Amino acid sequence: MITNTELEYKGDLYPTKIVSFEHEVDSICFHTDNSVILKVTVLRDSLIRFRFTTKGYFSNDFSYAIDKSHSHGYNFLEVSEVADYYQIKTSKVQCRIQKADMRLSIFDLNENVILEDELGFHWEESYEYGGNIVKMSKASKDGECFYGLGDKATQLNLKGKRLENFATDQYAFQKDQEPLYKVVPFYIGLQNKQSYGIFFDNTFRTYFDFCHERRNVTSYWAEGGEMNYYFIYGPQMQDVVTTYTDLTGKPELPPLWALGYHQCKWSYYPESNVKEVTAKFRELKIPCDAIYLDIDYMEGFRCFTWNKEYFPDPKRMVSELMEDGFKTVVIIDPGIKIDKEYSVYKEALEKDYFCKRADGPYMKGKVWPGECNFPDYTNPAVREWWAGLFKELISDIGVKGVWNDMNEPAVMEVPNKTFPMDVRHDYDGNPCSHRKAHNIYGTQMARATYHGVKRFAYPKRPFIITRSAYSGAQRYTSSWTGDNVATWEHLWIANIQVQRMSISGMGFTGSDIGGFAEQPSGELYARWIQLGVFHPFCRTHSSGDHGNQEPWAFDEEVIDITRKFVNLRYQLLPYLYTMFWQYIEEGIPMLKPLVYYDQEDIQTHYRNDEFVFGNQILVCPILEPNALGRRMYIPRGQWYNYWTNEEVKGGKEVWVDTKFDQIPLFVKAGSVIPKYPVQQYVGELEFDELTLEIYYKEGKEKSVVYEDAQDGYDYKKGRYSFLSFQTTGKEKELIIQLHKEGKYDTPYSKYKINLIGLPFKINAIEVDNVKISFDHQSFEDDNYLIVDKEFTELHIIGE
Ligand code: MIG
C-alpha cells in the first residue's frame, strides 16, 4: 500500500532523456534512454491521450471505460522540434515535451499554461506483485479548484483533499469517508477561469491528491497498470464534461416511467404487504411508478428464484401491479449460492463461469445466501449467459427493472470486505488478478444485466440500477449512492454526491430518500423529498430496521408536502425528460453545480448547496431543522422566485424566506417551462393540453422541449417531437417563436400558456399575425391563454 510519502519515495524512477521519436497519423511516440515510451494520441483538437510504458513496449490496449463510438478526429495537428522540447500543436492547444526528462506542459494558443508537470510521470517497481506503481504529479497554482470524481462524500470543490478509488461496500458511510462504492477517476481543474479535465483510465486502486500533501502539487497514482490518462481542454467546464461523457459514453433514454417516483424498502413482502403499500399511494394520491422487491422475495436469497410462500404467483402479482400503474423492480446480487440443487449454480459450475483463486479453487465468499461463488462478469461468455438468465423474470413474469446490489463486490465477514486480491479474471481476454478487475466488476455485472433486461424487455426500454460503477457504467445503468443515514448531514452529502455524479458523466443518480440506515424525523423526510424530486433518480428507500419510511409513516403535514413535491416532479416530467435527452445526445449534465453553470463568477467556485436543475430552474435545498428560509447564492442573471413570481437579480447572496412546504426555487427569466398535468403514474391520463409557463424577460431566451412515445425505440428513427421556443421581451411586447422538429405527433392539440412577470397590461394577442379574440377578464382571472399547438409566432402586445 502506498502511504503519504509517495512523492518523496527514494526508490522512485524517472524517465531519462528522450533519444528518438516517431510520428504516425494521430500518434507520436517518444523513447527515452531508459526504455520509457510515451505515446501521445491526438483524438480531437481538445482531447489528447498520454500513455506511458517502462518496459520498452506497450501491452494490449484495452479499456472497459472508453465508448467505442466516441467521436474522434482533429482539424489540425503539427509536430515540431526545437532545442529543448518537442511540440504537438492542435487547433486548440499546444503540448510541449521536454527532451531532458520527458516532462510535459500544455498551453492554450495564447501561451497561457493550462497544465504543467511537476515531477511528471515516475514510478516505483512493485516487487510484491510485479509491474509498477505508476505516479503522476502536476504543478498547481494557488486558486486552482478541482471537481469531479463521482460519489465522493465531501465538499464539491476537492481542493485540499486526498481521495481513494476502490469500490467498497461502505454501510452508513460518513462525511469525508473514503473509499466509497464508485470509481470515477476523472477530475476537472479550474484555474484562471479556464477548465481542463483529466481522466486517468486505470482500474487498479487509484489515488488523487489535490494539493493536500503539498500546497502546489496535484498528483494521482495507481497500484498497478499503466500511466494512461486523457487530457481534455475546455476552457469551459461544459466542454470538459461533454467531452469526457462522449469519451466514456452516454446511455439510451430510459422509459419515462423510470423518471417517476419509486418506492423501496428492505423488504416489502409478502404479496399482501406489497399491495397494501401500492394501494395506499393511490388512496393518498401520491404519484408513484415503481415498487421494489429487495432480497427477501427470493428463495433463500438465490438469484432468479421466488419465495413461493410470500409470492405464490409472481406473474399474476406483477401484472396486477402493472394494471394499477406500478412497475416492479427486483434486486439481483452477484453471489450465487453454493447449492447442488440450484440450477443457476449448477449451470455456472458446469460451464466454469465462477471466479477462481490464483491456485485453482473457486473463489468462495459469504453473502446473504451463505457461501457463494461469483460469476466472472469480465468474461464475455459469462455476461452472455447472465443476460440469458433474465428471460423468465422479464419475458414471463413481467418485471420491468433490475437492481444490482453488492457488486463492489461485497463479501461478508472478511476484513477487506471484498474478494482476495489473487482472484483471477478474464478481463475480456486480458487475464488479470482482482487488483485490476475489482473496480470494474460491478460495471460488468450491470452491463450483463442491462443486455439481458434489454433483450427481453424489447420493444420496451430496460431499467437497471447499480450500486458499484466505474467510468462508462452510465452506458448501461442508473445508480444510487448506497447506504446513507437518516441525518441532516447526509442530506447535505446526498445533494453534493448527486451533483458530482452529474458532472462525472453519471447523471442518472439519486440517494435513498430519507436515509437508508436509522429513521428520519418527519421534518427531515420532508426536506429530503423536497430535494429528491430534483434528482434524476428519485426513490425512497430504507433498511426497514427502524420502522417504516413510506410518506404515511409521518404526519399529515409531511404527507401533504410529499404529495406536493412529487406532484411537482410529475408536472415537470417533460422538462426532466428534455434534460435527459440533452444528456444522452450531448452529454450535458442534468444537474449543474453553480461553478459549472457560471465558472467566470468566482463566487461559484466554493458553493455546494445550490444547483441548476436542467437549464433553467435553480434549486436550493433546506438542510437544517426549523428553518424559516436560508441564505443562498443566486447566480448572475434575472430570476423569478417560483413560489411568489417575484423577480430577483442574481450575482449575489440573498436570504430567501420559505415555509415548511417550500424550498428556494427560482426560474430563469425568459424560460418556457413545460408541464404535464399531475398523474398518479406515467401514462395514466390522456390530456389535450401542454402547459407552458412563460417567464417574461427583456431580451431573448431559448427553451426546448423534447417528447416522444415515452418508451420504445421509435425515437431513434426520428419519431420524436422537439420544440424550440425563442422568447423576445420588449418594453411593451413579448414575442414567442416556435420551431418544431421530428416526426412524432404529440397527443395533445393545444398549449395552455401562463404568462408570468409581464411588465405591461395586454392589449392584443396575435397568433401568426392574426389577432385572436381575447377576453381580458378571463385572462385576469385565470391568467392563462389556450393556443393551438400549430403556431409559429405568438405576439403579446401591451397597452
Ligand atoms: O447488505 O439488499 O445498499 O439498498 O436494501 C445489505 C439489502 C444489502 C445493501 C443495499 C441496500 C439493500 C440491502 N443491501
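Before you click, a word on helices and strands: these are DSSP runs, numbered from the N terminus, with helices being H or I of at least four residues and strands E of at least two. You're looking at a predicted model, where local features need pLDDT of at least 70, side-chain atom pairs count only at pLDDT 80 or more, and totals for chains, interfaces and linings use all residues. Residues are numbered from 1 along each chain as its sequence is written, and side-chain values use heavy atoms, leaving out hydrogens and water.

**Stop one: two annotated spans.** Select residues 587-673, which UniProt lists, in an unreviewed entry, as "domain: Glycosyl hydrolase family 31 C-terminal". That span is 5% helix and 39% strand, and its end C-alpha atoms lie 21 Å apart. Now switch to residues 251-579, where UniProt (again an unreviewed entry) places "domain: Glycoside hydrolase family 31 TIM barrel". Here you'll find 37% helix and 13% strand, with 13 Å between the end C-alpha atoms. UniProt positions follow the numbering used here, feature names are shortened, and annotations may be inferred rather than shown by experiment.

**Stop two: the ligand.** Show the residues around it, counting those with a heavy atom within 4 Å. There are 13, and Asp-294, Asp-405, Arg-467, Asp-483 and His-541 come nearest. Zoom in on Asp-294: one of its polar side-chain atoms sits 2.5 Å from a ligand oxygen. Arg-467 also has a polar side-chain atom 2.8 Å from an oxygen of the ligand, and for His-541 that distance is 2.8 Å. Taken alone, the ligand exposes 350 Å², of which the protein buries 94% (Shrake-Rupley method, 1.4 Å probe).

**Stop three: a sheet.** Next, pick out the open sheet of nine strands, ordered β31-β30-β28-β25-β21-β20-β19-β33-β32 with parallel pairing; strands pair if DSSP finds at least two bridges between them. β31 (509-510) and β32 (512-513) are the edge strands with a single partner each, so one side of each has no neighbour in the sheet.

**Last stop: His-425.** Select His-425, in strand β26 (residues 424-425). Is His-425 buried or exposed? His-425 is buried, because its relative accessible area is 3%, and buried means under 20% (1.4 Å probe, protein chains only). Show Asp-376 too: its side chain and that of His-425 are joined by a polar contact of 3.0 Å, meaning a pair of N or O atoms within 3.5 Å, where within protein one must be able to donate a hydrogen and the other to accept it, and residues adjacent in sequence count only if both atoms are side-chain atoms.

Methods. Buried < 20%, exposed > 50% of the residue type's maximum accessible area, 1.4 Å probe, protein only.
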